[in-house]
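Please read them with the structure open.

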Amino acid sequence: MKKSVLIVGVAVGALMAGQSYLTAADRSAAAPYITPEGVTAQPLGKAQGYDLGKTTASEAQRLKIAYADRNGLTLYTYDNDPAGKATCIADCARLFTPFIAPEKPKVFGEWSAIKRDDGALQWALGGKALYTYVNDIDPGAVAGESPANRGAMRRNRAGVMVGGGQRGGYDGAGSKIEPLPEGWRAAILFPMDTVAPPPGLAVREIQDAALFGLVDGRGHTLYAAAAGAKLDNRWRAVVAPQLAESSGDFAVIDRPDGIRQWSYKGQALFTFDGDLAPEYANGAGVDERVSVAAVRRYFMPENVKLEKSMSQGVILATAEGKTLYRRDGYIIQSGGGHSLRRGQPPRPAVGRDLGTDPRCTDCLTQWKPLLAPAGAQPWGFWDVAQRADGTRQWVYQGYAMWTFDGDKKPGDITGHDTYDIFVTDDPTRKIDVGTPMDGGAALTWAVAIP
């Protein structure tokens with residue numbers, strides 16, 4: 001069963017399917033990665049996708065993202081730790097476990113490693129030592145409270161049944177939330193407090209460009225080019241108020257045409273007319289002199305890049321241009337969010353439930369796992385899963401990554417929105433398709449979006 005879509009048109013300035021979307025330079029290589037290797041990032045709250053209710057697709061915005069360890073557990077800092085020193089030891093360390101770094105950590109920017117009294121190296125962010133909390137069980141948990149407690153009934157990582165309610169619409173009644181001990185706070189990646197844009201500008205996640213970057217007051221993506229570069233009329237200077245003053249990495253350029261223009265780290269800032277709404281990044285790759293104004297960029301495996309598809313916008317693909325897919329699950333009556341611009345938002349909890357087993361008959365003759373090399377480590381939004389045959393598979397935002405043999409050229413998405421439906425005539429029975437679902441349930445193949 002496959003949904004048919006009539007394509008009426010594409011956004012102004014969008015690249016055609018099969019055309020490479022972002023070059024290495026355009027991915028703003030000067031911007032640091034969001035994390036070092038071995039450190040991950042997890043959205044908090046509903047964005048984990050434990051709740052399978054009918055409004056989930058519209059409410060799963062990634063409003064807050066925490067730094068996490070390689071298992072997806074939230075990292076914390078301690079106010080009483082001085083910069084460059086970890087003081088949580090003995091009994092304290094049994095509650096807050098030091099987040100140990102490798103022997104030769106690759107440090108950069110705000111990331112460093114502190115030598116503990118026992119000689120081990122501990123990761124630090126902005127000079128503050130990082131820890132995990134023993135009461136956190138699931139990814140996305142803070143202060144021991146997991147969003148799984150307010151979602152569909154399932155086993156948490158401790159093997160305890162949590163959540164419940166009709167279609168996951170459980171409000172968590174009865175769950176007890178204990179505050180963190182005084183002085184402890186979650187280490188938050190987004191919203192960012194290390195970059196202070198002037199009024200009217202902000203830092204947002206621009207998933208179409210696989211980075212955190214600058215946006216204007218409308219939420220539209222900002223682009224950077226050398227000051228004085230003569231661009232065509234699709235590019236609009238980001239105007240600074242007459243009384244605006246330079247501050248930090250942000251400065252005001254007085255242009256010959258009289259416009260006062262914002263700049264970031266010496267690069268003039270522009271918007272692009274082809275970006276019709278927030279999160280669009282259609283200006284990427286249009287002019288080799290212009291790049292998305294990146295603040296932090298996602299890690300990407302060497303064999304993964306961004307590609308432009310005809311109907312689904314920016315998608316993940318192999319280095320050869322073969323589209324990447326995720327196996328996803330949803331309740332049929334809830335709609336699944338397929339009509340949204342980016343399709344159903346990724347829900348890491350559902351992806352983790354499904355794992356590397358697509359649960360379909362003979363499908364592995366055409367669907368192939370995106371294998372990870374032996375030394376691959378979790379990094380940013382990427383993880384590595386061990387397969388039953390001993391191989392390792394790349395996982396992105398909770399979902400195992402796959403390619404489809406039916407795709408013959410870059411930009412093909414012939415496997416998108418193909419699905420298997422599971423039904424029962426017993427309304428009280430939950431169908432286990434990786435994630436237990438009541439009513440009619442479906443497993444779908446969907447393109448992987450950044």
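Which residue forms a salt bridge with Asp257, and how far apart are the closest N and O atoms? Asp257 pairs with Arg255, and the closest N and O atoms are 2.7 Å apart. Point 6 returns to this pair.

1. Basis of the note. The model is predicted, so local features need pLDDT of at least 70 and side-chain atom pairs count only at pLDDT 80 or more, while totals for chains, interfaces and linings use all residues. Residues are numbered from 1 along each chain as its sequence is written, and side-chain values use heavy atoms, with hydrogens and water left out.

2. Confidence. The mean pLDDT (the predictor's confidence in each residue, from 0 to 100) of the protein chain is 87, and 86% of its residues reach 70 or more. Residues 1-16 have pLDDT below 50; beyond near neighbours in sequence, this stretch has 34 contacts in the model, where contact means heavy atoms within 4.5 Å. The pLDDT is also below 50 over residues 22-27, a stretch with 15 contacts beyond near neighbours in sequence. Where pLDDT is low, the predicted coordinates should not be read in detail.

3. Overall make-up. The protein chain has 3 helices and 32 strands; these are DSSP runs numbered from the N terminus, with helices being H or I of at least four residues and strands E of at least two. Of the 450 residues in the protein chain, 53% are buried (under 20% relative accessible area; exposed is over 50% and partly exposed in between, with a 1.4 Å probe and protein chains only). Among contacts between residues at least 6 apart in sequence, 66% join residues at least 24 apart. The accessible surface is about 20300 Å², and carbon and sulfur atoms hold 53% of that; areas come from the Shrake-Rupley method with a 1.4 Å probe, and for residues only the protein chains shown count as cover.

4. Cores. A nonpolar core is a set of buried Ala, Val, Leu, Ile, Met, Phe, Trp, Tyr and Cys residues joined through side-chain atoms within 4.5 Å. The largest has 64 residues, and Phe212, Leu269 and Leu316 have the most contacts inside it. Apart from this core lies another, of 19 residues, including Trp235 and Ile253. Leaving out residues up to four places away in sequence, Leu316 touches residues including Met300, Leu324, Trp382, Tyr396 and Pro450.

5. Backbone. Most residues other than glycine have a negative phi, and most peptide bonds are trans. A cis peptide bond, with omega about 0 degrees, joins Phe190 and Pro191; Pro191 is in the loop between strand E12 (188-190) and strand E13 (202-206). Glu279 has a positive phi of about 80 degrees and belongs to the loop between strand E19 (267-272) and strand E20 (291-292). Asp417, in the loop between strand E28 (399-404) and E29, has a positive phi of about 60 degrees. Glu279 is partly exposed, at 31% relative accessible area, whereas Asp417 is buried, at 5%.

6. Salt bridges. The whole structure holds 20 salt bridges, each a side-chain nitrogen of Lys or Arg within 4 Å of a carboxyl oxygen of Asp or Glu. Lys305 pairs with Glu307 at 3.3 Å between the closest N and O atoms, and both residues are buried. For Arg347 and Asp328 the corresponding distance is 3.1 Å. Arg347 lies in the loop between strand E24 (325-331) and helix H3 (348-354) and Asp328 in strand E24, so this pair ties together parts 19 residues apart in sequence. Both Arg347 and Asp328 are buried, and salt bridges that share partners join Arg326, Asp328 and Arg347 into one network.

7. Around Lys64. Lys64 is in the loop between helix H1 (56-59) and strand E2 (65-68) and is partly exposed, at 40% relative accessibility. Leaving aside neighbours within four places in sequence, Lys64 is in contact with Gln42, Pro43, Leu44, Ile188, Phe190 and Pro191; the last two are the residues of the cis peptide bond.
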